[in-house]
Amino acid sequence: TVGINIRTFYGKKNAVVTTDNISNLQDKNFLEKIATIAKNSPEYDENPLPSFENFPKSLKKIDIMDSVEVSVDTLLQDATECENLILQSDGITNSEGAEISYDHSKVTLMKDHDFFGEYEKTIFGFSVAPLAEKNGELQQGYATSSAIYYEDLKTPTQLAKKAVKDTVKNVVVQPVKTVAKETKNVVKKAVVEPTKTIVKET
């Protein structure tokens with residue numbers, strides 16, 4: 001997916017327009033609309049632009065990308081392992097699933113006055129939602145982990161251990177009460193049904 005943000009300045013006014021259609025950059029009417037939006041925006045007390053002589057000419061290198069390619073199979077294996085560990089834990093009735101995601105994006109910045117810069121970034125996300133039940137009281141737990149580098153993401157074992165500990169502890173302290181018989185039956189049905197493991201690749 002390609003997304004373009006165009007920020008336009010008009011005196012102390014400025015506006016940002018986003019488009020995912022590159023051909024818009026060659027459309028005179030579209031560019032004129034951006035200028036009109038900026039002209040009709042509120043003024044800021046200070047001009048956010050530096051003086052021309054202080055404009056940067058390049059972008060400093062920032063280390064926010066994992067160069068290691070992580071396959072979908074690896075992500076699926078992590079999510080499946082985490083959920084299996086959850087389901088094998090004492091005190092856990094079921095799980096609403098484990099979810100893991102990986103996002104790799106490239107950002108290019110261009111400006112007049114000879115500025116050009118680009119960078120790449122990655123982000124991994126890992127979450128699981130176990131269910132515990134005691135004396136008819138149901139408690140849903142939740143544990144997450146996010147990191148720029150895959151090696152910094154919590155392992156399936158680490159995430160499962162944290163989720164189980166918090167869920168079992170809270171099932172007595174903060175129970176989710178069912179107030180109607182019909183609702184209680186629905187909840188019990190949801191508990192015994194097989195769960196699904198979701199992998200997102202963006």
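**The nonpolar cores**

Analyst: The largest nonpolar core comprises 21 residues, and those with the most contacts inside it are Cys82, Ile86, Ile100, Phe126, Val128, Leu153 and Leu159. A nonpolar core is here a set of buried Ala, Val, Leu, Ile, Met, Phe, Trp, Tyr and Cys residues joined through side-chain atoms within 4.5 Å; buried means under 20% relative accessible area (1.4 Å probe, protein chains only). Two or more residues of this core come from each of α2 (72–87), β3 (92–111), β4 (115–134), β6 (143–147) and α3 (156–173). The largest share, 5 residues, is that of α3. A second, separate core has 5 residues, including Ile4, Ile6, Phe30 and Ile34.

The model is predicted: local features require pLDDT of at least 70 and side-chain atom pairs pLDDT 80 or more, while totals for chains, interfaces and linings use all residues. Residues are numbered from 1 along each chain as its sequence is written, and side-chain values use heavy atoms, without hydrogens and water.

As for the whole chain, the protein has 4 helices and 7 strands, which are DSSP runs (helices H or I, at least four residues; strands E, at least two) numbered from the N terminus. From the N terminus on, their order is β-β-α-α-β-β-β-β-α-α-β. Of the 202 residues, 28% are buried. Among contacts (heavy atoms within 4.5 Å) between residues at least 6 apart in sequence, 65% join residues at least 24 apart.

Technical notes: Buried < 20%, exposed > 50% of the residue type's maximum accessible area, 1.4 Å probe, protein only.
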